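Here is a short tour of one protein model, taken step by step. Have a look at the sequence and the fold first, then read on.

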Amino acid sequence: CWLVDSGYASGYDDGTFQPNWNITRAQVARMLHRIQDRPPAGASCGGLTDVPTWAEDAICWLVNSQHASGYPDKTFRPGWNITRAQVANMLYGIEV
């Protein structure tokens with residue numbers, strides 16, 4: 001409820017939140033970006049080729065602030081489930 005009530009996360013189009021579903025790399029990026037009051041994304045996104053428009057500012061901000069990185073093939077893989085290690089890396093140095 002805190003995430004939704006604060007505007008940091010939203011549910012799905014069908015009106016559900018689905019708390020037991022996995023979460024993707026892009027979804028975590030977007031939540032962290034919102035929690036940080038949407039800081040500037042930076043000039044580029046590190047040449048990543050698969051960044052979705054709806055999460056572009058968030059992913060670019062994480063990449064430019066070195067809280068996340070893409071893969072060697074220049075993808076971010078935004079739809080992939082995120083690992084605990086990747087979340088830890090994104091959170092490191094961010095005040096939440």
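## The overall layout

What pattern does the protein follow, read along the sequence? The pattern is α-α-α-α: there are four helices and zero strands. Helices (H or I, at least four residues) and strands (E, at least two) are DSSP runs, numbered from the N terminus. The radius of gyration is 13 Å, close to the 12 Å that the globule rule gives for 96 residues, so the protein is as compact as a globular protein of that length. That radius is taken over C-alpha atoms, and the globule rule is 2.2 Å times the number of residues to the power 0.38. Picture the C-alpha atoms in a box of roughly 35 × 25 × 25 Å, taken along the principal axes.

Before going on, a word on the ground rules. This is a predicted model, where local features need pLDDT of at least 70 and side-chain atom pairs count only at pLDDT 80 or more, while totals for chains, interfaces and linings use all residues. Residues are numbered from 1 along each chain as its sequence is written, and side-chain values use heavy atoms, with hydrogens and water left out.

Of the 96 residues, 33% count as buried. Buried means under 20% relative accessible area, exposed means over 50%, and partly exposed is in between (1.4 Å probe, protein chains only). The accessible surface comes to about 6300 Å², and 51% of it belongs to carbon and sulfur atoms. Those areas come from the Shrake-Rupley method with a 1.4 Å probe; for residues, only the protein chains shown count as cover.

Now for contacts, meaning heavy atoms within 4.5 Å. Among contacts between residues at least 6 apart in sequence, 58% join residues at least 24 apart.

Which residues of α3 are buried? They are Ala58, Ile59, Cys60, Trp61, Leu62 and Val63, and they pack against α2 and α4 (84-91).

## Spots in the loops

Pro78 lies in the loop between α3 and α4. Is Pro78 buried or exposed? Pro78 is buried, with a relative accessible area of 12%. Leaving aside neighbours within four places in sequence, Pro78 is in contact with Thr24, Arg25, Ala26, Asp50, Pro52 and Ile59.

Lys74 is in the loop between α3 and α4 too. Its phi is near 70°, a positive value in a residue other than glycine, and Lys74 is partly exposed at 44% relative accessible area. Gln18, in the loop between α1 (2-5) and α2, also has a positive phi, near 55°. At 24% relative accessibility, Gln18 counts as partly exposed.
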